[in-house]
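Dear colleague,

I am passing on the structure we spoke of, and below it you will find what came out of going through it. Please read the notes with the structure open beside them.

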Amino acid sequence: MKIDPDVELKIPGLVCPSCAIGIKSGFKKTHLVKKIEFNTKKQICLIEFTSVQIHPTKMRKIVKDAGYRVTSIKWLKKGNKPNRYNKP
């Protein structure tokens with residue numbers, strides 16, 4: 001089954017599959033992620049959410065807690081951006 005990502009995270013330093021383990025487990029703990037995929041050549045993380053999405057601030061925190069940082073968050077589906085009332 002192919003991933004249909006909602007968001008793309010650019011994570012510098014994500015260079016091997018073992019780098020992704022901490023990030024993947026952090027997102028899985030939220031129970032809001034349907035699928036997660038990593039591309040170490042492009043240093044990106046693709047996330048497909050269940051029905052509810054994680055706020056960008058929370059995504060950045062999960063990645064930071066795994067020892068990395070997010071340099072960009074790209075929403076791949078129109079209309080899936082979070083509401084701006086809770087912008088940090």
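In what follows, two parts count as being in contact when they have heavy atoms within 4.5 Å. Please keep in mind that this is a predicted model; the protein chain averages a pLDDT of 87, and 88% of the residues score at least 70. Among the elements of the chain, the lowest mean pLDDT, 92, belongs to α1, and the highest, 96, to β1.

I begin with the sheet. It is an open one made of four strands, which follow the order β2-β3-β1-β4 with antiparallel pairing. The edges are formed by β2 and β4 (72-75), each of which pairs on one side only, and from one strand to the next the twist averages 20°. As a general point, the strands of a sheet pair through backbone hydrogen bonds, in either a parallel or an antiparallel manner. Between β2 and β3 the antiparallel pairing extends over six bridges, and Phe38 stands opposite Cys45 in β3.

Helix α1 packs on this sheet, where it touches β1, β2 and β3, and its direction makes about 165° with that of β2. Helix α2, for its part, lies across β1, β3 and β4 and runs at about 135° to β4.

The length of α1 (residues 17-28) can be checked: at 1.5 Å a residue, its twelve residues should span 16 Å, and this agrees with its end C-alpha atoms, which are 16 Å apart. Which residues of α1 are buried? They are Cys19, Ala20, Ile23, Gly26 and Phe27. Viewed down the axis of α1, these buried residues fall within an arc of 120°, and they therefore line one face of the helix. What covers them includes the strands β1 (7-10), β2 (33-39) and β3 (44-49), together with the helix α2. On the face of α1 that is turned away from the buried side, the exposed residues are Pro17, Ser18 and Ile21.

Finally, a residue of the other helix: Lys61 lies in α2, which covers residues 56-65.

With best wishes

Terms used. Residues numbered from 1 in each chain as written. Predicted model: local features only at pLDDT ≥ 70, side-chain atom pairs only at ≥ 80, totals over all residues. Heavy atoms only, no water. Helix = DSSP H or I, 4+ residues; strand = E, 2+ residues; numbered from the N terminus. Expected span 1.5 Å × (residues − 1). Buried < 20%, exposed > 50% of the residue type's maximum accessible area, 1.4 Å probe, protein only. Arc of directions from axis to C-beta. Pairing = 2+ DSSP bridges. Axes fitted to C-alpha atoms, helices over the stretch in contact; angles between N-to-C directions. pLDDT = per-residue confidence, 0-100.
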